[in-house]
Amino acid sequence: MKQVLAAIDESPVAAHVLDAATTMARTLGAEPRALHVREGKEEAPVALARRAGVAIDVVEGDPIERIVERSDHHAVRVVALGMRREHRPRPDTGHVASAVMSRAKKPVLLIPPGVRLPTAERFGRVLIPLEGSAQTSAAISAELRAFHREGVAVTVLHVMSLDTAPKFWDQPGHAVQTWGAEFRARWCDQPGTEFRLRRGDVVPVILETAAMEGADLIALGWSQTMSHNRARVVRGVVGQAEIPVLLTPTDG
Amino acid sequence: MLSGGADLFDVVVDGVRAAESGLPGRPDPATLLAAADEMRVVPARTLVVDDAIAGITAGRGGGFFPIVAVDRHCDGDALRTAGADAVVSDLAEVALLDESRNSALGWTITRQESSAGAEGRVNDALFALSDGTVGVRGDVETGVEGRGWLTLVAGAFGGGTEDGEMVRLLPGPSLAALDTAGESVRPSAMRRTLDLRSGVLECHPQPDDSGVSTIRFVSLARPGLIVLRAERDDGRPWPERSLEPPRLGTARGLSAQFTYEEGVAPTEWAATISDRARVTAVSCQQSRSVGGRSRLDRLCVLRADGDEKQATAERLLNEAERLGFDALLAEHRRHWSARWQAADIEIEGDNRSQSAIRFALFHLLSCAPTRGEAGVAARGLTGLAYAGHVFWDADVFVAPALAATLPAAARTMVEYRLRRLDAARRLATSRGHAGARFPWESAWSGEDATPTTVRDHDGEVVPIMTGSHEEHISADVVWSLLNYVDWTGDRRVLRGAGRALVIETARYWASRIRVARDGRAHLDAVMGPDEYHEIVDDNAFTNIMVRWHLRRAARLVEANDRNEAKRWRRLADSLVDGLDATSRRYEQHAGFWQLEPLRIADIADVPVAADVLLGRRRVAAAQVIKQPDVLMAHHLLPDEMAKGSLRADLDFYLPRTAQGSSLSPAICASLLARAGRPDEALALFDIAGALDLEDLTGMSAGGLHLATFGGLWQAVVFGFAGVRVVRGVLHVDPALPTRWNRLRIGLRFRGVGVGLLVDHERVAIESDGPLRAKVHGLPVRTPAELVKVNGAWRTR
């Protein structure tokens, strides 16, 4: 059975990470599994996992190296990690989370502090922002299909911004439909998905739309390098979201 | 009989072989066709070389192209008369046009597709074929999911009966995919080549791939007839039926809006049926083995509405079947050849421009039939986007090209409006006005088909104001009609229904105009071409068009009602037009000068959809505009504009124009060229040229932008060549961009074929009949040639 691996430590977000991983495991028909990379003599993560009824592996060494190493295991479907936001207003996902999300070949589920998790046992609606590029759409397409298969409602969002505004927009009454149909055909031809087209600054619009749509998860494809436009979006969403964010690497 | 070198040829069909096979000799094309069969080549794209009239006749009869005659006996004229496309004295003179050269000349468009990706859908649109009555696009070679084979019949619509539902083109039955048992036989890569010269699309698997090769065309000679030849060598059977339900690809949601029926007697048929129309397809196919490959010839005729139409379709199908593929192809090619001969534009020195204009011309020359009526949709019959609705795109952008090259097709476009005058009357009445008002968008009935709301990119449901306020279309329709009359000299139309159209629409304006206490006349609450500013007073474009319209209509009504003519003239004279006498600029609408002074360069590179980027409210409060508005008046009615105002308006409005409409760049290019700025013009011309070929809109898959094509033609003819008709005289004032070495244009003016040849130092004009023309202001008698001497133009 595939696993959703919750990498937990002694931080306050660990309990949320475990909860979110369990929710994701139920959503995808996988099993939750915890991993703690011991750096001292801490016991809390083990106790936490046991209380939650989740099997935990405890290993020693460098947390980043161990988590990335474990994520490579074929059974691991998703890696769940907690984030820190200690340096606001400039968002900082935390040293370990940043490194793992940039290196892991599997999707990484990032859990912000104070996360709002679904009251139901599973994720009910996922928001998938697409920029309209082959790379990121391909990255997320497997997740999109998986969510669809598991009965999770999917809203696909495209935000038109300075980088992605169309060159031409003839008659709004027709263009919205024509442009939207072609965008979907190119980048998310999955029947049953809701499609939203919005305009503005990408990150705030993603967060607003997630709230409006009642999404309890945001899923983004990205290239794992922080230098591209998309990475700016990833950094912004990860830094500000109040719900879990699933990052899927483009060559994952 | 071969006298040597037989081993140089893969296929030899000589007299001996012909006798053995019972093939008649030349001038019968049988031997040539047999050779072509064995070589697996299509006659329309196969060179025939011969030195005898019998051989040339055989080539012509077989539909071969090109046919080159070698003149050994000084009888070149006879060889030409027999059908030779070129006559040479030595074979060494024949420079074979290879694929890349054809492509560089803009005669072919080739695309490779690796899978059912976005490029395939865009290519489906680029390679759409039409005769103006039916349109065909898509992938029939395979049954790949998500791709569609689409047939459309002009005038066949469905929907629009429920509140909020849009009336839209009804997809016709599809030609059945050539795979069987639902299993895709799509090769890993497919190569499609559209030969613009002959209107033929070929599709081949990549070398080393098995799969189906096809050649298809929509017959210009027999409107409504689709012809397909397919070949395969993979041993698989052809499908038994040749028709199937529409495969709509990305538009599959539409399938709920119509039903599908099919039958086999007396001919195989299928039909799609909406609440408003029925599209029937009748079809037949025949397979045989040729040189180890299996060949399928399939014919299909499409018609809209009724049993009678189906019977006509069956007759056309039977006749086509009797003629057979090669003869159908030959006549189709001849029709295309005639259209190109009258209308071709050659641009030397710039392959990019050449390809753009030939591609544009190809779709323009096939978007309207030459009989009946043609409501040319914004996307023609190349896709379902924009619902098949007819906008001012047809009247102002597409029709001028046809009026000057293929008048019969322009006449069918005029006819579409004439037959909808009653609907226009009803629209005017419903809005409490006299006369007739054409709707912003219309379909078959001529009623207003404009959508009324849209959920926009801010997530808001917003009203669409074009239907209620973009009224200039009534004057645009009249402009198009009178432009047709100017170019063709066909004044009969103004004695019949055309007269009523001009007068009734003028009556609408007369009842719509508000005259203030100071005697100035105004048009309140309208929308001009710049749709970023939705409801404005005294839009300069609208007012100038209406002023001109009233004056032209006054001339027509004068004989019957002098008072009405007088009243219209007075109204026209009183209409404000926003001209600022000091700056020589027209104010786009009342209050425009007071809006936020924003230049597009401060926001983004053009073209950009500024309304999408900034939001509707922001652009409405700023001087950023979507497309030419005041400049559009300069484009359509140069003689109505104040002296010196073109330059001033270009300087002011161009930096504020987002070019966010597909109608925009080509018209700006035309105006810049007219203003003596051809190199700047070319940069915008390039954008318009790439609009569909490079899918700049991200929406070409939904259909091609015919108005952009019309704009490209206008930029070349009205802009760079500076052609205008003034009081029955053809004026030519060219200004070529540096990148172009030479420009050749074919036109038809008042029944006379006209050839223009322009380079940087010379203008030559010829005609096949008497022509009143002026070149650079100098009256000329054709043939004439003018050269530039010390900066001044002189007749040579």
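Visitor: Is B:Cys284 buried or exposed, and what is its relative accessible area?

Guide: B:Cys284 is buried, with a relative accessible area of 13%, where buried means under 20%, exposed over 50% and partly exposed in between, computed with a 1.4 Å probe on protein chains only. The model is predicted, so local features need pLDDT of at least 70 and side-chain atom pairs pLDDT 80 or more, whereas totals for chains, interfaces and linings use all residues. Residues are numbered from 1 along each chain as its sequence is written, chains are lettered from A and ligands numbered from 1 in written order, and side-chain values use heavy atoms, without hydrogens and water.

B:Cys284 is in no disulfide, and the nearest cysteine sulfur, belonging to B:Cys300, lies 9.0 Å away; a disulfide requires two cysteine sulfur atoms within 2.5 Å. A search over all chains finds zero disulfides in the whole structure. Another cysteine, B:Cys367, also counts as buried, at 9% relative accessibility.

Helices (H or I, at least four residues) and strands (E, at least two) are DSSP runs numbered from the N terminus.

Chain B also has cis peptide bonds, including the one joining B:Arg26 and B:Pro27, with omega about 10°; B:Pro27 belongs to the loop between helix H1 (15-21) and helix H2 (30-39) of chain B. A further cis bond leads from B:Thr782 to B:Pro783, with omega near -5°, and B:Pro783 falls in the loop between strand E32 (778-780) and strand E33 (784-789) of chain B. As background, most residues other than glycine have a negative phi, and most peptide bonds are trans.

Turning to a sheet, three strands of chain B form an open sheet in the order E1-E2-E3, with parallel pairing (strands pair if DSSP finds at least two bridges between them). Its edge strands, each pairing on one side only, are E1 (48-50) and E3 (86-88) of chain B, and neighbouring strands are turned by 20° against each other on average, direction ignored. Strand E2 (residues 67-70) of chain B is joined to E3(B) by three bridges, and B:Ala69 has B:Val87 in E3(B) as its bridge partner. Helix H3 (residues 53-61) of chain B packs on this sheet, touching E1 and E2 of chain B, and its direction makes about 180° with that of E2(B); axes are lines fitted to C-alpha atoms, for helices over the stretch in contact, with angles from 0 to 180 degrees between N-to-C directions, and contact means heavy atoms within 4.5 Å.

In chain A, the axes of helix H3 (residues 63-71) and helix H4 (residues 95-103) come within 10 Å and cross at roughly 35°. Residues of H3(A) including A:Ile64 and A:Val68 meet residues of H4(A), among them A:Val96 and A:Arg103.
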